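Please walk me through this structure, starting from the annotated positions and moving on to some of the surrounding elements. A plain account will do.

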Protein chains: 2
Amino acid sequence: MSRLVFKRFSSTVTIKSAPSKAHLHAILPDSTFPHGYQLTGIHAGVKKVAGVPDLGIILSTSKHPTSAAACFTRNAFKAAPVVVSEDVLKWNEGRARAIVVNSGCANAVTGKQGVDDAWAMAKATNALLPQPGDNETLVMSTGVIGHTLPISKIIAGIQLQAKESSRTLGSDFTAWERTAQAFMTTDTFPKLRSRIFRLNGREYRMAGMDKGAGMIHPDMGPAGTTFSGNRQLHATLLGCILTDAAISPRSLQSALTYAVDRSFNSISVDGDMSTNDTIIVLANGAAAPLVDSNVREIDEETDKDSYEVFKTELTEFAKDLAKLVVRDGEGATKFVTVTVRGAPTYKDAHNIASRISTSALVKTALYGEDANWGRILAATGSIPLTTPSPYAAPPTINPLTVSVTFIPADGSAPLPVLINGEPENVDEVRAKEILQHEDFEILVDLGMGGGPETEAKYWTCDFSYEYVRINGDYRS
Amino acid sequence: MSRLVFKRFSSTVTIKSAPSKAHLHAILPDSTFPHGYQLTGIHAGVKKVAGVPDLGIILSTSKHPTSAAACFTRNAFKAAPVVVSEDVLKWNEGRARAIVVNSGCANAVTGKQGVDDAWAMAKATNALLPQPGDNETLVMSTGVIGHTLPISKIIAGIQLQAKESSRTLGSDFTAWERTAQAFMTTDTFPKLRSRIFRLNGREYRMAGMDKGAGMIHPDMGPAGTTFSGNRQLHATLLGCILTDAAISPRSLQSALTYAVDRSFNSISVDGDMSTNDTIIVLANGAAAPLVDSNVREIDEETDKDSYEVFKTELTEFAKDLAKLVVRDGEGATKFVTVTVRGAPTYKDAHNIASRISTSALVKTALYGEDANWGRILAATGSIPLTTPSPYAAPPTINPLTVSVTFIPADGSAPLPVLINGEPENVDEVRAKEILQHEDFEILVDLGMGGGPETEAKYWTCDFSYEYVRINGDYRS
């Protein structure tokens, strides 16, 4: 961690630069990717800098039907690509074979023109599919709000892929990497991960890409759903997960909704929810050998065991992708896990973890490497618990059962700072030692009962000078 | 506004220093203060720097009964002075004659010792009253959380006032000013205001002091109340208003609750709610001439007209005091009024104004003097509207009826940036001109009907490098 010292009025300030993130880009070129996908990332001209990928195209070329599911922002100002993708999923009843994404312009608050442009992107991409029929393409955009897309450049970029001579679609590492690059805005590295999992003795693959560094505090749900009740909501986060497993559309949506709540909806960079947040998953069944002409799709009703395995794999993979966003949080120098347990319900634990994770005072203290548990408590107590019924008073936190512990990530001894409402005589040297690490965990135990199923985790970063610099300058 | 330029990585950053706040301290020594109060601010030794006032004592010496009312933090971790003051108000049924306040230590999360200490402060102060009886003293503390008070120093400080030789209690300007100084923590100037008002042809006075610069986003209610439903809550704000009017305890509480909702509960510096937030009002009837032995107290039931006049005066005065806190917000370079109108209810308008006022992205854009209305919209749409009944779906914002306008404070023409969901072709030069002012207003009209009574105002500041510096270093 390099340091830069400068004079500010009469005080000397140490600015910590964000740690190098090069190691996070360490996905190996020999990674295994899911079968049956062709993809590319190209420079279409949405961004000004020549050569920078700003348009990503993903096609499923599987011979089996491809299931699709998505979670979209719950913001009242849903961007045009969100509106269009919701429509596509609904009309196709959970079947879709392609995704088109652009960075550099969010196509949000762009009226009727915006919706027309999003449809035009979808249709042009759809024409690239093997045996194209009615539209089966989902759309995502990220970037500045309130500007219309340079749609002719985008359409021209898409149409280049139709010609043999200019076609860059592929399935090798470079194709995946360039597609991941096309998602990026203020991200400092492309976010691409893959994993292999086994189900009923057979091997499947999933790969995922996402983007996001600021305006990150998603609250996403299936198309048409309303707010989850997580009121301190708030990013542009875009992502997609592609797998060669086969699963029914309805079960794919159930698994994704569960996974997103415990991954992308449990991260915060700045507490601001975007108009464009979207996570899409495609499952194309291409892992099945071609001789197996009747692939049976996993379904939560008919094969609960397989469904649970898939759901768990998807959730863990989604957490990995979500954490990358926090690691790359604008100006972030810390990666902090906030765990809340002993709450009456999972939702209460999740709400409190969210509140701690978005507190400007907690986040500046993390930047200052100060084990300021008073701020953590103030945040914990600042939101009401949920009411079990509209006619009952909500339960209240008993300060005398609350404990707070700092847990280092290196496996050394945890440091309790408050036990059952009584401040510990904290070893400040040890506290500083833990907080100087890039990674650590804050554990808040409310001591109100509630088993392991009510425990919630949130992943957050600190609030730095660099965050102010990025967001005081950048128009998002 | 001085500017300081420094190099940060490869980019050049301009740091704007907070504007000088000397002019805000411009309360004139010949101000008129309410009759019947004796007060002082002294250095008791809670703070390390010698001579800095850290203990304030306020006594009502009126011959009439003194009514008291208060609004306290709704945080689950109420500090010991809050618990004690709630008890005193309850047992005395809204009568109290003294206030004792210390800065430098919040006496929060301090267990039984904390409560004993708060009681000890109250009782020692109570002994200073003319004809002291059962305890009629309210307590407030602000400063670091999790440390116990240096109680023997505080008691010694209070007891100095009992001796004629060391007594500094008075009613002149210096007494008021030193008391206001005793409230200060990271405040850059003491916050003291006074006003004269007329009621039924007679002249009355009120004076008020408050403190707060960070951990400011109060949600306060009368003793024993639960959350207001303002979920983005979150400061230490301490204040007191002293008047020589006579009003019944019950009506004083009603008027204060109304006033606090529209003043102190409508400001945000950093979105963090404190464990200590407290606003106390005393009304001692000392304006009445001594010959008038049966002063009739204003009461909302028996004399609604007088009550309404008093309530309006109190509300406007509370707004003045509340705004001083935002002006002195940690690192603040801007003072921004956020107005939301056209919402279905006042609560919805207040919730949205609060969300905009706490958005890190909006606040960094304000610091960057960037008319980034996309961030304002994203914040506006990120919280659900309230549900009229537990069984009805909440109404939703229609993006096509929403308008956003920047209004300069100098009376020049407002700048609409979004009209009925359609982005305007904004004159960026004019936008920059407005945002370069220290003061301006952001008006969001949801266009969902709702008359003037549903309009809500919030006062907020920007998010600067200086905020990060203050809170990365200071343990509050």
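Which residues does the UniProt annotation "binding site" cover in chain A? According to that unreviewed entry, they are T185(A), K211(A), T236(A), E330(A), N471(A) and S476(A). The model shown here is a predicted one, and the annotation comes from the record. UniProt also lists T236(A) under "active site", again in an unreviewed entry.

T185(A) sits in the loop of chain A that runs between α4 (173-182) and β8 (191-199). T236(A) belongs to the loop between β10 (220-221) and β11 (238-243) of chain A. With a relative accessibility of 7%, T236(A) falls under the 20% cut-off and is therefore buried.

A residue that touches several of the annotated positions is T142(A), whose contacts include T185(A), K211(A) and T236(A). T142(A) is part of strand β7 (residues 137-144) of chain A. At 1% relative accessibility, T142(A) is buried. Its side chain forms a polar contact of 2.9 Å with the side chain of K211(A). Neighbours within four places in sequence aside, T142(A) is also in contact with N102(A), S103(A), G104(A), C105(A) and A106(A), as well as with F183(A) and L238(A).

In chain B, the loop between α4 (173-182) and β8 (191-199) holds T188(B). Is T188(B) buried or exposed? Its relative accessible area is 53%, and since the limit for exposed is over 50%, T188(B) counts as exposed. The side chain of T188(B) is joined to the side chain of D328(B) by a polar contact of 2.5 Å. T188(B) and K211(B) are 23 residues apart along the chain, and their C-alpha atoms are separated by 9.8 Å.

Back in chain A, D299(A) is located in the loop between β13 (278-283) and α6 (304-327). D299(A) has a relative accessible area of 9% and is buried. A polar contact of 2.7 Å links its side chain to the side chain of R250(A). Not counting residues up to four places away in sequence, D299(A) touches S248(A), R250(A), S251(A), K304(A) and Y307(A).

The next topic is helix packing. Two packed helices are described by the angle between their axes and the distance between the axes. In chain A, helix α1 (residues 80-91) packs with helix α2 (residues 111-126) at an angle of about 55 degrees, and their axes are 8 Å apart. How are α1(A) and α2(A) oriented to each other? Angles under 35 degrees count as roughly parallel and those of 65 to 115 as roughly perpendicular, and α1(A) and α2(A) are therefore oblique to each other. Their crossing is right-handed. On the α1(A) side the residues that meet α2(A) are A80(A), P81(A), V84(A), D87(A) and V88(A). On the α2(A) side they are G114(A), V115(A), A118(A) and W119(A).

Of its 8 residues, 8 are buried, so α9(A) is largely enclosed by the rest of the structure. Among these buried residues are W373(A), R375(A), I376(A) and L377(A).

Notes: Residues are numbered from 1 along each chain as its sequence is written. Chains are lettered from A and ligands numbered from 1 in the order in which they are written. This is a predicted model: local features need pLDDT of at least 70, side-chain atom pairs count only at pLDDT 80 or more; totals for chains, interfaces and linings use all residues. Side-chain values use heavy atoms; hydrogens and water are left out. Helices (H or I, at least four residues) and strands (E, at least two) are DSSP runs, numbered from the N terminus. Buried means under 20% relative accessible area, exposed over 50%, partly exposed in between (1.4 Å probe, protein chains only). A polar contact is a pair of N or O atoms within 3.5 Å; within protein, one must be able to donate a hydrogen and the other to accept it, and residues adjacent in sequence count only if both atoms are side-chain atoms. UniProt positions are given in the numbering used here, feature names are shortened, and annotations may be inferred rather than shown by experiment. Axes are lines fitted to C-alpha atoms, for helices over the stretch in contact, and angles run from 0 to 180 degrees between N-to-C directions. Angles under 35 degrees count as roughly parallel, over 145 as roughly antiparallel, 65 to 115 as roughly perpendicular and the rest as oblique. A crossing is left-handed if the near helix is turned anticlockwise from the far one by less than a right angle, and right-handed if clockwise. Contact means heavy atoms within 4.5 Å.
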